[in-house]
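Trainee: I've just opened this one and I'd like a close look at a single part of it. Please start with the overall fold and then zoom in.

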Protein chains: 2
Amino acid sequence: MTDNQSISFEQPCPIRDVLDRIGDKWSLLVLHSLSEGTLRFNELVRNVGDISKQMLSKTLKRLEKDGFIKRTLFPEVPLRVEYELTDIGKSFLEPMAGLIIWANTNHQDIVLARQQYQLANSNR
Amino acid sequence: MTDNQSISFEQPCPIRDVLDRIGDKWSLLVLHSLSEGTLRFNELVRNVGDISKQMLSKTLKRLEKDGFIKRTLFPEVPLRVEYELTDIGKSFLEPMAGLIIWANTNHQDIVLARQQYQLANSNR
DNA sequence: GAGACGTGGTATTTATTTTAGACCATAGCC
DNA sequence: GGCTATGGTCTAAAATAAATACCACGTCTC
């Protein structure tokens with residue numbers, strides 16, 4: 001079974017595959033940062049705020065590999081590298097916007113739920 | 001600064017706060033499983049497929065705490081525990097559906113991008 | 001000309017998280 | 001008696017993330 005090559009051509013469930021890429025700590029934040037335009041590596045570090053260079057590097061590589069972003073190297077001195085969304089990346093902003101709107105709309109309810117949960121579980 | 005209580009009342013950026021909860025490996029998959037209706041603990045284990053009991057337990061607790069799901073214990077023998085979406089959880093299905101539709105629509109392009117990336121980076 | 005700073009990262013070490021698996025009491029089935 | 005199932009928790013090992021130092025190169029300041 002595992003030595004059957006055809007298994008590597010079987011694509012996994014699209015939902016699961018995409019959620020796997022999206023469902024990590026940094027990808028969405030990086031895409032959100034790039035939604036406003038092209039940024040350089042250190043601009044992204046500052047823009048996201050609390051991401052380490054290493055994790056940014058990894059996240060960018062994954063997003064590039066999956067076609068969400070494009071990396072352009074300008075061989076100047078000092079080196080300049082720019083990251084921008086591809087068409088796939090841009091098209092992803094649409095469903096992500098739905099997520100963000102939902103977040104803004106329902107954040108208060110979530111905070112409230114947390115407080116009630118804490119209250120309900122404090123007196124045991 | 002850290003001993004100033006008021007800091008705990010300052011809510012973080014809603015986007016970041018919500019994405020933090022959503023942006024993990026299992027939450028979306030669990031919510032997706034529950035979108036079809038109430039499920040018991042072990043039904044969820046089997047439904048999600050490759051989640052460990054421990055991570056399911058943790059994920060469910062977080063989702064419950066944030067008000068996405070409701071846990072109901074039936075003190076039978078053997079014990080029965082049911083998980084279902086709350087109103088908040090149900091309302092979240094809407095933006096998530098956008099994500100899923102996008103995933104289905106663009107999955108092929110992502111797979112293609114991966115192949116091209118691999119091709120472009122194999123001959124160096 | 002020595003030191004600090006900025007560029008885009010990588011390497012290493014440490015801390016955190018995830019996973020796999022055993023384990024629990026209880027009961028039904030055969 | 002032994003296997004199954006229930007809903008989890010505990011522990012130890014593996015994988016991942018974070019913190020930090022470092023690189024070559026150039027500019028600015030003193």
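Trainee: In chain A, among contacts between residues at least 6 apart in sequence, what percentage join residues at least 24 apart? After that, please take me through α4(B): which of its residues are buried?

Mentor: Your percentage is 45% for chain A, where a contact means two C-beta atoms, placed from the backbone, within 7 Å. Bear in mind that this is a predicted model: local features need a pLDDT of at least 70, side-chain atom pairs count only at pLDDT 80 or more, and totals for chains, interfaces and linings use all residues. Residues are numbered from 1 along each chain as its sequence is written, while chains are lettered from A and ligands numbered from 1 in the order in which they are written.

Chain A has 5 helices and 3 strands (DSSP runs numbered from the N terminus: H or I of at least four residues for helices, E of at least two for strands). Going from the N terminus, they run α-α-β-α-α-β-β-α. Of its 124 residues, 25% are buried; that takes 20 or more other C-beta atoms within 10 Å of a residue's own, with 12 or fewer counting as exposed and anything in between as partly exposed, all C-beta atoms being placed from the backbone. The average pLDDT of chain A is 88, and 90% of the residues score at least 70 (pLDDT is the predictor's confidence in each residue, from 0 to 100). Residues 1–9 of chain A fall below 50, and beyond near neighbours in sequence that stretch has 0 contacts in the model.

Now for α4(B). This helix has 13 residues and reaches 18 Å from first to last C-alpha, close to the expected 18 Å, which is 1.5 Å times one less than the number of residues. Its buried residues are B:Leu56, B:Thr59, B:Leu60 and B:Leu63. Looking down the axis, the buried residues of α4(B) fall within an arc of 100 degrees, so they line one face of the helix; the arc is that of the directions from the axis to the C-beta atoms. Here's the handy rule: an α-helix has 3.6 residues a turn, so residues three or four places apart point the same way. The buried residues of α4(B) pack against α2, α3, β2 and β3 of chain B. Just after the helix, B:Gly67 takes a positive phi of about 80 degrees.

What about DNA? α4 of chain B also supplies at least two residues of the surface near DNA strand D, and so do α3 and β3 of chain B and α4 of chain A. By class, the surface near DNA strand D has 7 nonpolar, 5 polar and 6 charged residues (Ala, Val, Leu, Ile, Met, Phe, Trp, Tyr, Cys and Pro are nonpolar; Asp, Glu, Lys and Arg are charged; the others, Gly among them, are polar).

DNA strand C has 18 residues around it too, and B:Met55 is one of the nearest. For that surface, α4 of chain B again gives two or more residues, alongside α3, α4 and β3 of chain A.

A:Lys65 is partly exposed, with 17 other C-beta atoms within 10 Å.

Notes. A residue is near a molecule or strand if its C-beta atom, placed from the backbone, lies within 6 Å of it.
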